[in-house]
Amino acid sequence: MTDSRLRAVMLMGPTASGKTAAALRLAEKMPIEIISVDSALVYRDMDIGTAKPTASEQASCPHHLIDILSPEQSYSAALFVQDTTRLVTSIAARGRIPVLAGGTMLYFKALMEGLSDLPQADEGLRLEIESRAAREGWPALHAELAALDPEASARLNPNDAQRIQRALEIVRLTGRPLAESYARREDTQPEFDCLPIALQPSARHVLHERIARRFDAMLEAGLVEEVRQLRTRYRLEVTMTSMRCVGYRQVWEYLDGLSDLATMREKGIAATRQLAKRQITWLRQFRENWSGYEEFDSLQAGFEDRVESSVRRWLTG
């Protein structure tokens, strides 16, 4: 590339698709620094359930936006855009290549397309919704959303607590349908050029097998004990953003005696599969809307080398 704008590589993909392996391969070959695009990796002491890069992996090249918050705190797409813009500038100033790697697609979208004009969280209203959900159940709140915004409710599972809560909050605060609020967007472009690369496993059943194996490995590595220690060390509630992460909510319910170990495992694997499905849907939209988008089958041998070649062509083109 011949202009003077900063450049960054975006390495996206569903959970268990091989993003970490591809990023670390780049680190072996090129002077990169990794910016995590993962809403769970920002939290300290949440290592097993987030599949956080190991200490040795993090030592192989600089990593950013990992372990920056207590699980009692919250993070947002707006903060991610601010932090990433700052980091890309500082990484480039060191003569290195920023690689944005992760699976939180909302963060990628906010960076590339700008942020919707949405109201800030209202703690009082949020507590009211959570209290009602505890008494009446989330399907009842889903029914209320259906009365206020049928289109938004039709896209949500009646037990999807996080999205029902936020949708109700936005609709009640703005008095507008959710789609209209999201359409009111502050249009921005990133202050740097991006190469969007997506890893897409070609066989969905293989991805599902990977997800099940990884969740079992997390359980074997001590995920239940990790959540137990988090509940002891911090003042947490199951409704907090950190505890809504896939795996953590299911283990929390198990520790509360709401499910047995086998049920918790099944729910954790199912929730991870649903997450992957949503991530793949996001990537389909990005492929249609973003220029320069490239996609690689991460089930094919040598896909990391093809990713590296693509990055080199882009940097020198």
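**View A. Contacts of Pro 62 away from its sequence neighbours.** Setting aside residues within four places in sequence, Pro 62 touches Ile 32, Glu 33, Ile 34 and Arg 96; contact means heavy atoms within 4.5 Å. The model is predicted, with local features requiring pLDDT of at least 70 and side-chain atom pairs counted only at pLDDT 80 or more, while totals for chains, interfaces and linings use all residues. Residues are numbered from 1 along each chain as its sequence is written, and side-chain values use heavy atoms, leaving out hydrogens and water. Pro 62 sits in the loop between helix H2 (55-60) and strand S3. Helices (H or I, at least four residues) and strands (E, at least two) are DSSP runs, numbered from the N terminus. Pro 62 counts as partly exposed because its relative accessibility is 32%. The scale is: buried under 20% relative accessible area, exposed over 50%, partly exposed in between (1.4 Å probe, protein chains only). Gly 302 lies 240 residues from Pro 62 along the chain, and their C-alpha atoms are 24 Å apart.

View B. Two strands pair if DSSP finds at least two bridges between them. S3 runs parallel to strand S2 (residues 32-37), and two bridges join them. Within this pairing, Ile 35 faces His 64 of S3.

View C. Eight of the eight residues of S7 are buried, and the strand is mostly covered. Which pairing has seven bridges? S1 and S7 do, in the parallel sense. Val 9 has Leu 195 in S7 as its bridge partner. S7 also pairs with S8, in the parallel sense, over three bridges. There, Ala 198 stands opposite Glu 295 in S8.

View D. Thr 15 lies in the loop between S1 and helix H1 (19-29). Ser 17 is found in the loop between S1 and H1. Is Thr 15 buried or exposed? Thr 15 counts as buried, because its relative accessibility is 9%. Ser 17 is buried, with a relative accessible area of 0%. Not counting residues up to four places away in sequence, Thr 15 touches Leu 207, Ile 211, Arg 214, Thr 272, Ala 276 and Gln 279. With that exclusion, Ser 17 touches Leu 199, Pro 201, Leu 207, Arg 210 and Ser 298.

**View E. Helix H4 and the glycine that follows.** H4 (residues 105-113) is mostly covered, with eight of its nine residues buried. Among them are Met 105, Tyr 107, Phe 108 and Lys 109. Ala 110, Leu 111, Met 112 and Glu 113 are buried too. Gly 114 follows H4 and has a positive phi, near 95°.

**View F. The whole chain, for context.** The chain's secondary structure comes to 14 helices and eight strands. Its C-alpha atoms fill a box of roughly 60 × 45 × 35 Å along the principal axes. The radius of gyration is 20 Å, which agrees with the value near 20 Å for a compact globule of 317 residues. That radius is taken over C-alpha atoms, and the globule rule is 2.2 Å times the number of residues to the power 0.38. Buried residues make up 49% of the 317 residues. Among contacts with a separation of 6 or more, 77% come from residues 24 or more positions apart. The chain exposes about 15,200 Å², with carbon and sulfur atoms supplying 49% of it. Accessible areas come from the Shrake-Rupley method with a 1.4 Å probe; for residues, only the protein chains shown count as cover.
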